[in-house]
Amino acid sequence: MSWKDTAEPLLTRMPSVERPDRHVPFKRKLAWTAGVLVLYFFLTNVFLFGLERGAGSDAFGRFRSILAGGQGTIVHLGIGPIVTGSIVLQLLGGANLLGLDTQNNPRDQVLYQGLQKLLVITMVILTGVPMVFAGNFLPASESLSQTFPGGAFGVNMLMFGQVFVGGVLILYMDEVISKWGVGSGVGLFIIAGVSQRLIGGLIAIEPLPGGTIGVIPAYIRMALGDLPASAPNLFFGFQSPSGQISGILAIITTILIFVIVVYAESVRVEIPLSHARVKGARGRFPVKLIYASVLPMILVRALQQNIQFIGQLLNSQSSLPAWVGQYSDGQPISGLFYYLAPIQSRRDWMWFVDNPMGNPEVWQILLRVAVDLTFMVAGGAIFAIFWVETTDMGPEATAQQIQNSGMQIPGFRQNPGVLEKVLERYIPQVTVIGGALVGLLAVGANMLGTIGGVSGTGLLLTVSITYKLYEEIAEEQLMEMHPMMRQMFG
Amino acid sequence: MSSSDSGGLMSSAGLVRYFDAEDRNAITMDPRSVVAFGAMFGVLVLVLNAL
């Protein structure tokens, strides 16, 4: 008896959102998407009941821009649990430990969906408990603790309840959008958060949560002589008394990432196809360069974030040995956790501009950059491969899909094995190159800085998700046009 | 082009995958109730905070 039979009664009963029984008109889809988005923004503004406001540090830190949600709010966890759950699923699937055939077997599909949900809910608990009960991430309100039954522990339980409900809500909001709306909830929450920060990074007059103020007001104040304007300040950006100011370098990097991603979206290897029976019906199967690789990037980043979270947690519980990590203001400044911390901004490494004192020393900085690069490039490639395998985009699954649609590669026998051989020449290579390239881009963007302090990964994700959303909307509208065109031509 | 369509529904950029297959035992919810619950829960916490 396999694990499937044991787990089936539980996994098949996971509550899910109803699927529309007929075609949902495009306008309705947009309405659902907008509705859920409004709800999401509302929830990011509702602070937890029982929280001591203003105290506590954000456990997600700079990762907040990709993990969405809001510090200290009901949706404190953001899409973190979904991402962590997905990592576990990817690793299990990539190592082929699941034994689920999600392409052909409906029962396995149901089990996969159930397992996915169960993992996310487990992760909501696993990340929520230490957030609330350990460390100084979500401190309980002092005044409420004195009157509330159970004291501080009772208040913590209450906060955990809210964080839990928020985490589960995010999961179901994602499902509502996936089934009734356009795109996916996860993608939408990421672009919502990053876009908000980008706009804020351009026009915010008051400092944003990350401490940055907008480029445009900052430059106006520099021109008026209100803030010190020197050539390095203007180019690299600087820490002014009223907030962090992005330089011209950040603007250039942001635009460059936009251009590179949109260009790379169109880079593809096209495999010619022709229909086996219908002569003249031809098509192409595109193997896109970064088709599969931007989303796995978030998994690599989340892995780094979880490592840092463990570090912060250990640090808050006891003082760590120097080689493991020394912390100042909640940030690692030396030791293992320092080297494992990804480069988040220009100030983390540009010692020749900001850090002439030599602390941390140059070799330490270089080692950290090297570790981050290796982690992101190798991790990007590995997770891209796992991603392609578990989402049925690998050579074998693709060959079967092409075969099922009755297409073949002209000049080859119509046989899934032959198709697979040809696809094997392209898909794994393109996936690895794409994954490594995206990793390199993400680190590069972080090193040079971006507008509003959105991370390189956040920017990459936003541009490519938006592009994909645009493609999906175009396709959707084509489908809407169809019945009308049929009417026009009788 | 039809060749890239698979049987299951693949949402764009979805970390969570949903398929067409549903189990008879599964508990299903109306999407409206998800949104309504979320909104009500938010309002409840807001009211508690304001008290």
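This is a predicted model: local features need pLDDT of at least 70, side-chain atom pairs count only at pLDDT 80 or more; totals for chains, interfaces and linings use all residues.
**The interface of chain B and chain A**

Strand S1 (28-29) and helix H1 (31-50) of chain B each give at least two residues to the side of chain B that touches chain A. H1(B) provides the largest share of that side, with 14 residues. Sorted by class, the side of chain B that touches chain A holds 21 nonpolar, twelve polar and six charged residues.

The contact involves 65 residues from chain A and 39 residues from chain B. Between them the two chains bury about 4600 Å², and 67% of this area lies on carbon and sulfur atoms. On the chain B side, the residues that lose the most area to chain A are B:Leu15, B:Arg17 and B:Tyr18, which together account for 18% of what that side buries.

B:Arg17 also takes part in a salt bridge: its side chain meets that of A:Asp392 at 3.7 Å, N to O. The rule finds one salt bridge across the interface of chain B and chain A.

**Paired strands**

| Strands | Bridges | Sense |
|---|---|---|
| S1(A) (residues 16-17) and S1(B) | two bridges | parallel |
| S5(A) (residues 268-275) and S6(A) (residues 282-288) | seven bridges | antiparallel |
| S5(A) and S9(A) (residues 407-408) | two bridges | antiparallel |

In the pair that joins the two chains, A:Val17 has B:Met29 of S1(B) as its bridge partner.

Within chain A, S5(A) pairs with S6(A) and also with S9(A). Opposite A:Arg268 stands A:Lys288 in S6(A). A:His275, in turn, stands opposite A:Met407 in S9(A). S5(A) and S6(A) form a hairpin with six residues between the strands, and in this hairpin A:Gly280 takes a positive phi near 90°.

In a regular strand, side chains alternate between the two faces of the sheet.

**An annotated segment of chain A**

Which residues of chain A does UniProt list for "domain: Translocon Sec61/SecY plug"? The record, an unreviewed entry, gives residues 38-72. Over residues 38-72 of chain A, the chain is 29% helix and 0% strand. The C-alpha atoms at the ends of this segment are 19 Å apart.

Terms used
Residues are numbered from 1 along each chain as its sequence is written. Chains are lettered from A and ligands numbered from 1 in the order in which they are written. Side-chain values use heavy atoms; hydrogens and water are left out. UniProt positions are given in the numbering used here, feature names are shortened, and annotations may be inferred rather than shown by experiment. Helices (H or I, at least four residues) and strands (E, at least two) are DSSP runs, numbered from the N terminus. Contact means heavy atoms within 4.5 Å. Buried area is the accessible area (1.4 Å probe) that two parts lose on being put together, summed over both. A salt bridge is a side-chain nitrogen of Lys or Arg within 4 Å of a carboxyl oxygen of Asp or Glu. Ala, Val, Leu, Ile, Met, Phe, Trp, Tyr, Cys and Pro count as nonpolar, Asp, Glu, Lys and Arg as charged, and the others, Gly among them, as polar. Two strands pair if DSSP finds at least two bridges between them.
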